[in-house]
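The following paragraphs lead the reader through one structure, from a pair of aromatic rings to the chain as a whole and then to the ligand site. Please keep the sequence and the model in view while reading.

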Amino acid sequence: MFTKVFTATAGFVLVCGLAACGSSDKSDGDGGGSAGGGGGDAITMGFAQVGAESGWRTANTKSIQETAKKDGIDLKFSDAQQKQENQIKAIRSYIQQKVDVIAFSPVVETGWDAVLQEAKRAKIPVILTDRSVDSKDDTLYATFLGSDFIEEGKKAGQWLVDNAADADVDKNGSINVVELQGTTGAAPAIDRKEGFADATSSDDSIKVVASQTGDFTRDGGKKVMESFLKSQKDIDVVYAHNDDMGLGAIEAIEAAGKKPGVDIKIITVDAVKDGMTALSEGKINYIVECNPLLGPQLMDLAKKVVAGEDVPKRVVTEESAFDQAQATEVLADRKY
Ligand code: AHR
């Protein structure tokens with residue numbers, strides 16, 4: 001049973017297991033830690049989530065909460081509403097509560113060293129999940145579990161290179177791409193941009209003519225696409241850093257009287273159910289998968305880290321990609 005506690009000053013949402021909200025008595029201090037927060041056997045995990053900005057994030061949160069419950073891990077959960085300061089406050093509160101392990105998905109890459117130093121001084125191990133931090137000191141965290149975002153961007157770009165003839169919708173020899181970027185400064189936004197640019201650099205006809213953040217939200221994707229449709233005369237392709245922004249772009253394209261997937265090709269990342277539905281309907285042309293179901297691997301790593309066992313510094317999640325036929329085939333069984 002979970003309850004919500006709103007902190008007036010912090011402005012972030014702290015959701016915690018009732019039993020875990022009281023003081024936990026972390027006795028071990030060797031950095032690896034040992035199970036025993038709250039004086040019982042259950043591991044106490046403080047998890048600082050980015051927000052609820054996308055279908056991917058909702059599935060990720062559900063996976064973490066369900067797996068913690070199943071594994072008997074006492075989860076303190078906070079939603080930072082896409083603000084770094086809220087995540088830092090949540091992490092500080094977990095340090096104060098002496099949780100056994102802290103896990104979080106950093107909203108942006110930089111600016112974490114100070115709070116991670118505080119966790120290290122308190123001998124609370126930290127697991128990065130989904131997104132990493134840009135820090136010179138990799139002793140500040142135990143492990144990083146998540147996707148290879150550069151590889152995701154490369155897959156998106158490679159599909160475009162392979163389908164260039166078809167993507168040149170007006171057959172003028174030039175493929176004009178508009179890019180809907182994720183949250184500015186976030187690892188997936190930086191890396192998916194880089195991977196795409198790298199893969200498409202081999203084809204001179206592919207040009208990114210406009211690139212702007214839609215903050216990984218549907219509404220953000222729609223608004224940015226509306227402005228692109230006004231400012232850009234010739235758009236052949238939308239490359240959206242996630243499904244939600246791609247779905248927002250579809251709304252804008254349809255409102256402008258064009259056919260998404262036909263008049264303008266669309267490539268996205270994530271492969272959540274709404275995205276896969278649009279792909280099977282031909283409104284999106286290609287989706288690179290980013291797996292949000294990180295709960296089981298995260299809890300396994302947490303148990304090992306708290307027990308002082310060695311874990312790999314980097315755990316990359318396995319992912320694929322889908323065209324229309326492949327999406328149609330798997331859609332009925334898609335869990336999120
Ligand atoms: O960090 C993963 C990204 O964050 C997902 O691709 C996106 O949908 C989410 O908001």
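Phenylalanine 47 and phenylalanine 77 are both buried, a term that denotes under 20% relative accessible area, with exposed meaning over 50% and partly exposed the range in between (1.4 Å probe, protein chains only). The model is a predicted one, in which local features need pLDDT of at least 70 and side-chain atom pairs count only at pLDDT 80 or more, whereas totals for chains, interfaces and linings use all residues. Residues are numbered from 1 along each chain as its sequence is written, and side-chain values use heavy atoms, leaving out hydrogens and water.

Rings of Phe, Tyr and Trp (its six-membered ring) are paired if their centres lie within 6.5 Å; planes under 30 degrees apart count as stacked, over 60 as edge-to-face and the rest as tilted. By this rule there are 4 aromatic pairs. Phenylalanine 47 and phenylalanine 77 form a stacked pair, because their ring centres are 5.8 Å apart and their planes lie at 5°. Phenylalanine 47 belongs to strand β3 (residues 44-49) and phenylalanine 77 to strand β4 (residues 74-79), so the pair ties together parts that are 30 residues apart in sequence.

Strand β4 also contains aspartate 79, which is buried, with a relative accessible area of 17%. A polar atom of the aspartate 79 side chain lies 2.7 Å from the backbone nitrogen of glutamine 81.

Turning to the whole chain, the protein has 11 helices and 14 strands, taken as DSSP runs numbered from the N terminus (helices H or I, at least four residues; strands E, at least two). Of its 336 residues, 55% are buried. Among contacts (heavy atoms within 4.5 Å) with a separation of 6 or more, 73% join residues 24 or more positions apart.

The ligand is surrounded by residues that include Trp56, Arg57, Phe149, Pro188 and Asn242, a residue being near if one of its heavy atoms lies within 4 Å. For aspartate 270, an N or O atom of the side chain is 2.6 Å from an oxygen atom of the ligand. The protein covers 100% of the 280 Å² of accessible area that the ligand has on its own, areas being computed by the Shrake-Rupley method with a 1.4 Å probe; for residues, only the protein chains shown count as cover.

Methods
Polar contact = N/O pair within 3.5 Å; in protein donor to acceptor, adjacent residues only side chain to side chain.
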